[in-house]
Amino acid sequence: TGLIDRIITAMGLDYANIAQTPAEYGGLGKDLSGMDVQEKWSYRSVLGMMLYLCNTRADIQFATSQCARFTSNPRHSHEVALKRIGRYLKGTRERGLVLKADQALEIEMFVDADFAGLHGYEDPEDPTSVHSRTGYVLCIAKCPVLWVSRLQTETACSTMHAEYIALATAMRDLIPFMRIADELCRHMGLSDEKLAVIKAKKVVHEDNNGAMILANLEPGRSTPTSKFFNVKYHWFREQLKPNHIEVAKVETTEQLADIFTKGLRKDKFREMRLKLCGW
């Protein structure tokens, strides 16, 4: 609450209205032809505090991440977006993560992508306008411990391509995390039963059928539409069986990572926030 109070005071939001969501529905572009910055507070300073707050407030991760793109050259529209996050934090000042650990130490990951989500919001002459956004959350014992929202660095040519890039990116966090979890369990002297759970099957939830089918193919096999990105992203398929990882279908309505890929409407945002943060 202390950091949120500093943000509210810095932005002069003590008497501002409360926002129901931290981001508008849709995308946030560079707005090169928009108004220059109007506020007296430092965009970079406020954004830095919000980025730090993201370590415990997964619900503002997407909104803060998209504002962070413009740290070096913000426009007034970006200040408005940052103030919206501040007004949302004002209304949820006492909130955080409600952790209700499951008895089983199961490791799960939810992975999603927003295909070309900036199209229509960014300058069409800018390659960034068709970049997709990756979002994923890693949970252990039903508790989120790592969440990410970031633009992909290359142009995906289809929804499946964007989702597959997101899967490959998420695996770079999942596989090292599993090794750390195993070492921690041994160091803390957990029972063989608990160690067996850590070594048991890990589920990565994916809501795109094409990406899921491709990920579960034997290493070396591919589909006709995936050959052009084989080399860069197929590496993780060799890691699935040895590490007991299963890529499984999840319904879009149950995809927790959806909150990290785009601005959601109020009802959808609240539904995802409840499942992720517990409130």
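This briefing covers the sheet, the helix packing, the nonpolar cores and some single residues of the structure above.

The model is predicted, so local features need pLDDT of at least 70 and side-chain atom pairs count only at pLDDT 80 or more, while totals for chains, interfaces and linings use all residues. Residues are numbered from 1 along each chain as its sequence is written, and side-chain values use heavy atoms, with hydrogens and water left out. Helices (H or I, at least four residues) and strands (E, at least two) are DSSP runs, numbered from the N terminus.

**Sheet**

- An open sheet is formed by 5 strands in the order β3-β2-β1-β4-β5, with mixed pairing; two strands pair if DSSP finds at least two bridges between them.
- Strands of a sheet pair through backbone hydrogen bonds, either parallel or antiparallel.
- β3 (143-151) and β5 (245-249) are the edge strands, and each pairs on one side only.
- On average, neighbouring strands of this sheet are turned by 20 degrees against each other, direction ignored.
- β1 (residues 107-114) pairs with β4 (residues 202-206) in the parallel sense over 4 bridges, and V111 stands opposite E206 in β4.
- Helix α5 (residues 159-187) packs on the sheet and touches β1, β2 (133-140), β3, β4 and β5. The direction of α5 makes about 155 degrees with that of β1.
- Axes are lines fitted to C-alpha atoms, for helices over the stretch in contact, and angles run from 0 to 180 degrees between N-to-C directions.

**A residue of β4**

- K202 is found in strand β4 and is buried, with a relative accessible area of 5%. Buried means under 20% relative accessible area, exposed over 50%, and partly exposed in between (1.4 Å probe, protein chains only).
- Leaving aside neighbours within four places in sequence, K202 is in contact (heavy atoms within 4.5 Å) with I107, M178, N243, H244, I245 and E246.

**Nonpolar cores**

- A nonpolar core is a set of buried Ala, Val, Leu, Ile, Met, Phe, Trp, Tyr and Cys residues joined through side-chain atoms within 4.5 Å.
- The largest nonpolar core has 43 residues, of which I7 and L82 touch the most other members.
- Two or more residues of this core come from each of α1 (2-11), α2 (43-53), α3 (61-68), α4 (76-91), β2 and α10 (266-277). The largest share, 6 residues, is given by α2.
- Apart from neighbours within four places in sequence, I7 is in contact with V46, M49, M50, L53 and L89.
- A second, separate core of 32 residues includes Y136, I140, Y164 and M171.

**Helix α1 against α4**

- α1 and α4 pack at an angle of about 130 degrees, with their axes 10 Å apart. That makes α1 oblique to α4: angles under 35 degrees count as roughly parallel, over 145 as roughly antiparallel, 65 to 115 as roughly perpendicular and the rest as oblique.
- Their crossing is left-handed, a term for a near helix turned anticlockwise from the far one by less than a right angle, with right-handed used if clockwise.
- I4, I7, I8 and M11 in α1 meet L82, K83, G86, L89 and K90 in α4.
- I4 lies in helix α1 and is buried, with a relative accessible area of 3%.
- I4 and T92 are 88 residues apart in sequence, yet 9.4 Å apart in space, C-alpha to C-alpha.
- With neighbours within four places in sequence left aside, the contacts of I4 are L53, R57, L89 and R93.

**Helix α3 and its partners**

- The axes of α3 and α4 are 10 Å apart, and the two helices pack at an angle of about 155 degrees. α3 is therefore roughly antiparallel to α4.
- α3 passes α4 in a left-handed crossing.
- A63, T64 and C67 in α3 meet H78, A81, L82 and I85 in α4.
- α3 is mostly covered, with 7 of its 8 residues buried; these are Q61, F62, A63, T64, S65, Q66 and C67.
- The buried residues of α3 pack against α2, α4, β2 and β3.

**Loop residues with positive phi**

- Most residues other than glycine have a negative phi, and most peptide bonds are trans.
- A116, in the loop between β1 and β2, has a positive phi near 50 degrees. A116 counts as buried at 16% relative accessibility.
- A141, in the loop between β2 and β3, has a positive phi near 55 degrees. A141 counts as buried at 6% relative accessibility.
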